[in-house]
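Colleague: I would like to learn how to read a model of this kind. Please take me through it feature by feature.

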Amino acid sequence: MSVLESQSSTRVVPGSAAGEPPLIEVRHLSKRFVKALDLAEKIAARLGADVHEEVVHAVDDVSLAVSKGEVVGLVGESGCGKSTLGRMVAGILAPSSGEILYRGSDRATLDGAAARRAALAVQMIFQDPFASLNPRMRVADIVGEAARVHGLVDAAGFDAYLDEVLRQCGLDPSFKRRYPHQFSGGQRQRIGIARALAVKPEFIVCDESVAALDVSIQAQILNLFMDLRESLGLTYLFISHDLGVVEHLSDRVVIMYLGRVVESAPTEALFDEANHPYTQALLREVPRLESRHSSFEPIKGEIPSPLDPPPGCHFHPRCPHAMARCREEAPALREIAPGRMSACHLNDG
Amino acid sequence: MNAGKQPTLEVEDLRTHFFTKAGVVKAVDGVSFAVGQGEVLGLVGESGSGKSVTGFSILGLVDPPGRVVGGRILFKGEDLVPLGEDRMRALRGSRIAMIFQDPMMTLNPVLRVDTQMIEAILAHRKVSKAAAYDRARETLMRVGIASPDERLRSYPHQFSGGMRQRVAIAIALLNEPDLIIADEPTTALDVTIQAQILYEAQKLCRETGTALIWITHDLTVVAGLADRICVMYAGRDVEQGTVDQVLDHPLHPYTHGLIGSVPSRNRRGARLQQIPGMTPSLLNLAPGCAFRSRCPRATDRCEAEPTVTMRGDGRRVRCFNPVDADVSA
């Protein structure tokens, strides 16, 4: 790990008060999904056939720090690894390499009560309010089970605690005996939020948490996120493909493309003057209410398969500024201005 | 609307109801609009507003227990509602085409793309197979698919999501229809791919004069694409006008709330304006304005059914207490 430490200058600079470690920090985190060879392929390989294990670098050496109270938007298109990163941060998925630090200590090295506290501190809210709730459990159990199991609340105070959590999320506590199918999409998403909040987390990973909702309901949930941030001092990693939503909510935005972070900057700076060509393209193509009768000049090409990413800079086949160097050498994520990072060879010129 | 010329499609007071065991669901209950040649109409609404059922009704694709119970659908002057299935089949896929949200609804997973495209041409035209193949190839190129010969020999599962949607659009275009109904075709796609599809759609309408109805829940998409917008709520058209009219000076309180709830760059971090409550169930909907329980401008008058007011500037609004232009400040 000491080798990795020496490279820690490439970390995204947290905006926290000096001295205090960031609430959550990931260092050189990677996740590889490997499709192992089946028996026939193994035999073929033995006999000299050209078959290999298929490896997807879903997340490729990502470093990121989130300070307490900060909202970091994580943006990218399908297959960029944003959800995988979110799942690793939430502890649902084990990283292939790299470390995740909670308040400055590596989560993998913690044990006992400290490990439990670190695990409870990070909770996740999912995209699909229909698939993420157990249809055979009542709301009271969905929301309250974890708090009870972890002893966060005693049996006597349980009902009052549950009502309080539900009320906080804009749900009527008298509905707690109901099942998920008796609620609308927006209300179900509130149940998902209540479930996350019931264990008193500090850090919430929202994975496309408003993507499945109608616009007017989406506004209600976004407002709820902002209210909760204020009243509970929550920190969010807000994963979304919707730049409008991210711009509205986030303090800082991190853009990913095919497993790598390509740019990270304070929200205003990023939207005013994006540095990376991919970010620029993305911002240009976000449909907005203000852009009327626009003649779309879309970026060319498809998102390459993460199974077989292009060499060098992953973006070079679609990049209007691509040079010979981009095809061979992957650009490092470097600081281009205080608090701003970008991975593009153009910044060297 | 281009005055004087007959619009490609005119829908007048369309009503499509579903007669379920639990009661009558008035999915579409009074919708009127018109689309002219080369024009793009954005049909906007949230889940359950009846926007998709409107599209299905035009194509005659409403299955029992649903039925078009009232209104007229005039396609180049011909009313589609009383038409028999034979005549409808001749129009569908030929003069009127549909693009669905999920391209796999259009594509057959076990047939090669060339088989499907050639079949769609031969169903409506008496041409040779070779001519049909050329036509398919040409159409694929038109929607921005490189190496069409190779793609024609592929199966749908070998395509990416954006590519599949392009093929679905190409199939809709094969017979140069006069009207295309697109039902949320870019909702499942990534931003950069969505931009490509919107670009193609826009170009095609300009070049071929095809009328396009773009059904979506996303106001930001129609802002850039459409000429006119029709906003639907609970089965009714609540407001219509040009894009600039509707988005800059919404008249209906629902449109006003909808625009306010879109995160926009000028109000970062501020609370979004939210419409309280949720869309009502369409089953046994109470009479009167369906929006009144969520409406900040509702009065006792709204207990009665609001009628459509035609404004001088070609706008229509279905509200007793429309938001006046000066309120938007």
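Colleague: What is the mean pLDDT of chain B?

Modeller: The mean for chain B is 87, and 96% of the residues in chain B reach 70 or more.

Colleague: Where in chain B does pLDDT stay under 50?

Modeller: Where pLDDT is low, the predicted coordinates should not be read in detail. In chain B that concerns residues 325–329, where pLDDT stays under 50 and the model has two contacts beyond four places in sequence.

Colleague: How many helices and strands does chain B have, and what does the radius of gyration of chain B say?

Modeller: Chain B has ten helices and twelve strands. Its radius of gyration is 21 Å, close to the 20 Å from the globule rule for 329 residues, so chain B is as compact as a globular protein of that length. Along the principal axes, the C-alpha atoms of chain B fill a box of roughly 65 × 50 × 45 Å. Of the 329 residues, 47% are buried. Among contacts in chain B between residues at least 6 apart in sequence, 66% join residues at least 24 apart.

Colleague: Is helix H1 of chain B mostly covered or mostly uncovered?

Modeller: An α-helix has 3.6 residues a turn, so residues three or four places apart point the same way. H1(B), residues 51–59, is mostly covered, with seven of its nine residues buried. Those buried include B:Lys51, B:Val53 and B:Ile58. After H1(B) comes B:Gly60, which has a positive phi, near 70°.

Colleague: How many residues of chain A are in contact with chain B, and which element of chain A gives the most?

Modeller: The contact joins 36 residues of chain A to 37 residues of chain B. On the chain A side, H8(A) gives the most, with eight residues. That side has 16 nonpolar, 13 polar and seven charged residues.

Colleague: Which domains does the assignment give for chain A?

Modeller: It gives domain 1 (2–7 + 19–257) and domain 2 (262–286 + 301–349) of chain A. Their centres, taken over C-alpha atoms, are separated by 26 Å. Domain 1 of chain A puts 18 residues into the contact and domain 2 of chain A puts in 19.

Colleague: Which element gives the most on the domain 1 side?

Modeller: E9(A) gives the most to the side of domain 1 of chain A that touches domain 2 of chain A, with six residues. The residues of that side divide into eight nonpolar, five polar and five charged.

Conventions: Residues numbered from 1 in each chain as written. Chains lettered and ligands numbered in written order. Predicted model: local features only at pLDDT ≥ 70, side-chain atom pairs only at ≥ 80, totals over all residues. Buried ≥ 20, exposed ≤ 12 C-beta atoms within 10 Å, placed from the backbone. Helix = DSSP H or I, 4+ residues; strand = E, 2+ residues; numbered from the N terminus. pLDDT = per-residue confidence, 0-100. Contact = placed C-beta atoms within 7 Å. Nonpolar A, V, L, I, M, F, W, Y, C, P; charged D, E, K, R; others polar. Rg over C-alpha atoms; globule rule 2.2 N^0.38 Å. Domains from an automatic or database assignment.
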